[in-house]
Amino acid sequence: MLVLTRKLGESIAIDDHIKIVVVQIKGKQVRLGIKAPKETKIHREEVYQAIQDQNTEASQSDLSSLSDLTSDLKKK
Amino acid sequence: MKINTTRFGELEVEKKDVIVFKEGLLGFENLKKFFIVDPGDQTLILWFQSAEDPATAFPIIEPKIFQPNYVVKLLPAELNSLDLESINDASVYTILTIPKVVTEMSANLKAPIVINNKTKVARQIVLQDSKLEVRCKMYKELKKYIVSYASDDSNRTTASAPSVTSPSDAQISSTEPSVTEEQGPTKDL
């Protein structure tokens with residue numbers, strides 16, 4: 001991993017069109033500004049983790065848990 | 001070809017029904033081939049079954065069933081990666097999590113599975129819209145839909161054995177009124 005030191009207000013350029021600026025430093029928190037083309041996808045890492053967790057949990061469903069749901073859903 | 005599955009036993013799957021991922025689902029990157037199983041239980045919940053691992057299958061549903069306003073907006077690069085010209089040529093499913101307390105069931109609206117109906121190439125796409133939830137509770141909406149749907153007998157046949165279904169065949173969107181911007185106002189029936 002490439003590690004760079006930046007001060008408040010300084011930035012990093014990635015390729016020609018992506019810029020990451022240190023907007024604010026407050027205690028243990030850093031606020032970053034990201035300038036990127038519209039088609040660039042930017043997510044907090046936690047989003048990917050949450051999706052991965054949901055996928056894993058979903059893959060463990062069995063037919064019996066679903067049949068409980070089925071009978072419940074059909075009750076009027 | 002015959003494919004063995006843990007939940008449904010051996011199923012006959014036609015080549016045209018095999019859905020192929022370039023990247024796999026998040027956390028399941030090694031599994032690239034899937035097919036859709038309709039368990040025939042009239043709940044509109046289908047199974048996204050791995051063709052490579054008999055034990056891996058995900059309960060899925062078309063999000064429009066419980067959230068008619070759900071619209072998937074893809075970036076040009078995402079459409080390209082699926083060889084799609086428009087999202088209208090794709091099937092969209094969300095993965096369901098069904099806990100012991102079934103009323104707590106949820107759908108992943110943040111990262112739907114998008115399948116090109118023609119080529120059967122698929123991706124789980126993380127949408128940029130920050131309002132979409134990874135675990136959107138939707139039991140009430142689904143129940144409401146199923147109760148009203150089941151009361152119309154002409155729409156459904158009786159429960160049947162599990163069968164493999166093609167994403168485009170399984171789509172209900174063509175018969176259900178929807179309110180996406182592309183399609184404009186729905187017709188009066």
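## Close-up views of a two-chain predicted model

Of the 189 residues in chain B, 34% are buried (20 or more other C-beta atoms within 10 Å of the residue's own; exposed means 12 or fewer, partly exposed in between; C-beta atoms are placed from the backbone). This is a predicted model: local features need pLDDT of at least 70, side-chain atom pairs count only at pLDDT 80 or more, and totals for chains, interfaces and linings use all residues. Residues are numbered from 1 along each chain as its sequence is written, while chains are lettered from A and ligands numbered from 1 in the order in which they are written.

**View 1. Chain B holds 3 helices and 12 strands.** Helices (H or I, at least four residues) and strands (E, at least two) are DSSP runs, numbered from the N terminus. Take the contacts in chain B with a separation of 6 or more: 60% join residues 24 or more positions apart. Two residues are in contact if their C-beta atoms, placed from the backbone, lie within 7 Å.

**View 2. The largest nonpolar core has 44 residues.** Such a core is a set of buried Ala, Val, Leu, Ile, Met, Phe, Trp, Tyr and Cys residues joined through C-beta atoms within 7 Å. F48(B), I60(B), L96(B), I113(B) and V114(B) touch the most other members. Among the elements giving two or more residues are α1 (45-59) and α2 (63-74) of chain A, and β5 (46-50), β6 (57-61) and β7 (90-97) of chain B. The largest share, 5 residues, comes from β7(B). Beyond its neighbours within four places in sequence, L96(B) contacts A58(A), I45(B), P59(B), I60(B), I61(B), M105(B) and A107(B).

**View 3. Strand β6(B) pairs with β5(B) and with β7(B).** Two strands pair if DSSP finds at least two bridges between them. A hairpin through 6 residues joins β5(B) to β6(B). Their pairing is antiparallel, over 4 bridges. W47(B) has P59(B) as its bridge partner. β6(B) and β7(B) are also antiparallel, over 2 bridges. Here I61(B) stands opposite T94(B). β6(B) is mostly covered, with 4 of its 5 residues buried.

**View 4. Chain A meets chain B through 26 residues, in contact with 33 of chain B.** On the chain A side, α1 and α2 are the elements that give two or more residues. α1(A) gives the most, 11 residues. This side divides into 9 nonpolar, 9 polar and 8 charged residues. Ala, Val, Leu, Ile, Met, Phe, Trp, Tyr, Cys and Pro count as nonpolar, Asp, Glu, Lys and Arg as charged, and the others, Gly among them, as polar.

**View 5. Chain A has an open antiparallel sheet of 3 strands, in the order β1-β2-β3.** β1 (11-14) and β3 (29-35) are the edge strands, each pairing on one side only. Neighbouring strands are turned by 25 degrees against each other on average, direction ignored (axes are lines fitted to C-alpha atoms, for helices over the stretch in contact; angles run from 0 to 180 degrees between N-to-C directions). β1(A) and β2(A) (residues 18-26) share 4 bridges. I12(A) stands opposite I20(A).

**View 6. D83(B) and K120(B) have positive phi without being glycine.** Most residues other than glycine have a negative phi. D83(B) has phi near 55 degrees. It sits in the loop between α1 (76-81) and β7 of chain B. D83(B) is exposed, because 11 other C-beta atoms lie within 10 Å. K120(B) has phi of about 65 degrees, in the loop between β9 and β10 (121-124) of chain B. K120(B) counts as buried, because it has 20 C-beta neighbours inside 10 Å.
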